[in-house]
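Here's a quick tour of a protein model, with an eye on charged pairs and helix packing. Have a look at the sequence and structure first.

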Amino acid sequence: MQIERVELRLLKLPLVHFFETSFGRIYDKHFIVVTLEGGGVTAYGECVADQDPYYSGETNDTAWHIIADFVVPRVLGVDFAHPRDLFPALKAIRGHNMAKAAIEMAAWDLFARQRGEPLSRVLGGERQRIASGVSIGIQDSLGQLEAAVERELAAGYQRIKIKIKPGWDLAAVETVRTRFGAIPLMVDANAAYTLADAPHLAKLDRFDLMMIEQPLDYDDIGDHAQLQRQLTTPICLDESIKSVHAAEQAIAAGACRIINIKPGRVGGYAESIRLHDLCASRQIPVWHGGMLESGIGRAANIHLSTLPNFSLPGDIAASKRYFAPDLIDPPIDVASDGTVAVPGGPGLGVSIVQERLDRATLRRAAFAAPVHANPPQGV
Ligand code: OSB
Ligand code: MG
C-alpha cells in the first residue's frame, strides 16, 4: 500500500446544539479532515483535536503542524504492507496521538477500500450492529436536562451519560433518577474534581450509576486508584489512557474498572486494537468514546466498535444530534432499539458529499510523493 498524495483540510461546521463539558461550551466544531490517495483509491481520516487544548494538549494547529512537517514526510511514498505499520513508523514523534491517528485512520480506510472490504472486517470486528448511547452536555437548567434525557430515551438510546462538574452533579443525577427511574445512567466529569472531593463523589454511589468517567486529573492514575477504593461506583478512565502502557498501569493499580477507547487518544486503530485486547485479557469492559465527530470519524468509530470486548454502549449517536447536514449522505442513524448499522461498503462505507466538504473548508494543503520516492532513512 502506497500513499501517493495527502490532502489536509481544516473545517468548520456549526453544531445543531451547543455542547458543554466541565471545560467549556462550544457552538461550532473545528476539525481536520485528511484525504489520502493511493492506487487510484481515495480514503479519509478525521482528526479529533479541537480548537483549544482543553480536553487534550493537542489542538488543530498543533495537529496540522505535526502532520504536515513530521508525519507526512514519514508516510508519503512509503510502501506499507499493512496500516498497522504506520504507528511504529511514527515512533520518533513523541506524543501528538491525535495527529498520528488521523493519518493512520485514513491509511486503514485506504487499505480496506483497496481490498474492497468494510473497515470493520479489516479491523477484526464481528457484529453487524452496535449499541448506541448518548452523551448529554451540561445544560442551563435541570428542566432542560430532563427534557434532553426524555428526548434521547424516546429516540431509543441504550444508555444516558450526563456531563458533570462541581455545582452540576448530585442534583442533576438525582433529577434524572427521580424522573426516569432505573435507566442505564452514567456521568462524565472530564477531570473536574480532585481527590479532596472523594467524600462528595461518594454521594453518587447511592444512585447506582453504571460508572463515573474521568473524575480526576487528565494525566492522573494514582489518585484514581485511591478514589476507586473509596467508591462503589466503577471508575471509567478516558483522558488518562493515552497509551496501552498507561492502561496496563491503570488496571494494575486498580484505578479503573472500565475503559473508554478513543483512537485519537492512543494514536490510532492499531493501538486501539491492542488496548481492546489488553482489556479483554484483564476482564475490563470497554466502550467507544466520542469526540463530536462528523460522519467520517463517526463511521470509523462504528467499525471499531464491532470488536467483541466493546460490551457497553458507546458515545456513537445519530449524525442529526450534531450536524444538519452531516458531511456524509445518508447520515448515521440510530434505530428505535438504540442500535446503529455497521456500513457494509468498502472502507468506511459512507459517502462524503464533496460540496459540503468544500463549503466547510477554512484551510487546505496538499502533499504529493516525488516520482522517485526517497523515504527518510531511520528516524
Ligand atoms: O469526554 O467523552 C468525552 C466530547 C468532546 C470531548 C470529550 C468528550 C466528549 C463527549 C461527547 O462526551 C461524545 C459524543 O461524541 O457524543
Ligand atoms: Mg469522557
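## An exposed arginine and its partner

Arg-206 counts as exposed, at 61% relative accessibility. (Exposed means over 50% relative accessible area, buried under 20%, and partly exposed in between, using a 1.4 Å probe and protein chains only.) Before going on, note that this is a predicted model, where local features need pLDDT of at least 70, side-chain atom pairs count only at pLDDT 80 or more, and totals for chains, interfaces and linings use all residues. Residues are numbered from 1 along each chain as its sequence is written, chains are lettered from A and ligands numbered from 1 in the order in which they are written, and side-chain values use heavy atoms, with hydrogens and water left out.

Who does Arg-206 pair with? Glu-174 is its salt-bridge partner, with the closest N and O atoms 3.7 Å apart. (A salt bridge here is a side-chain nitrogen of Lys or Arg within 4 Å of a carboxyl oxygen of Asp or Glu.) Glu-174 sits in helix α6 (residues 170–180) and Arg-206 in the loop between α7 (198–202) and β8 (212–213), so the pair ties together parts 32 residues apart in sequence. Helices (H or I, at least four residues) and strands (E, at least two) are DSSP runs, numbered from the N terminus. Glu-174 itself is partly exposed, at 35% relative accessibility.

How many salt bridges does a search of the whole structure find? The count comes to 25. One of these pairs is Arg-25 with Asp-140, whose closest N and O atoms are 2.6 Å apart. Arg-25 lies in strand β2 (residues 24–38), while Asp-140 is in the loop between β5 (134–136) and α5 (142–155), so this pair ties together parts 115 residues apart in sequence. Arg-25 is partly exposed at 28%, and Asp-140 is exposed at 52%.

Then there's Glu-7 with Arg-5, at 4.0 Å between the closest N and O atoms. Glu-7 is buried, at 6% relative accessibility, whereas Arg-5 is partly exposed at 26%. Both belong to a salt-bridge network that links Arg-5, Glu-7, Arg-9, Glu-37, Asp-358 and Arg-364.

## Two helices crossing

Now for helix α11 (residues 269–281) and helix α12 (residues 295–304): their axes come within 12 Å and cross at roughly 35°. Axes are lines fitted to C-alpha atoms, for helices over the stretch in contact, and angles run from 0 to 180 degrees between N-to-C directions.

Which residues make the contact? On α11 they are Tyr-269, Ser-272 and Ile-273, and on α12 Ala-300, Asn-301 and Leu-304, with contact meaning heavy atoms within 4.5 Å.
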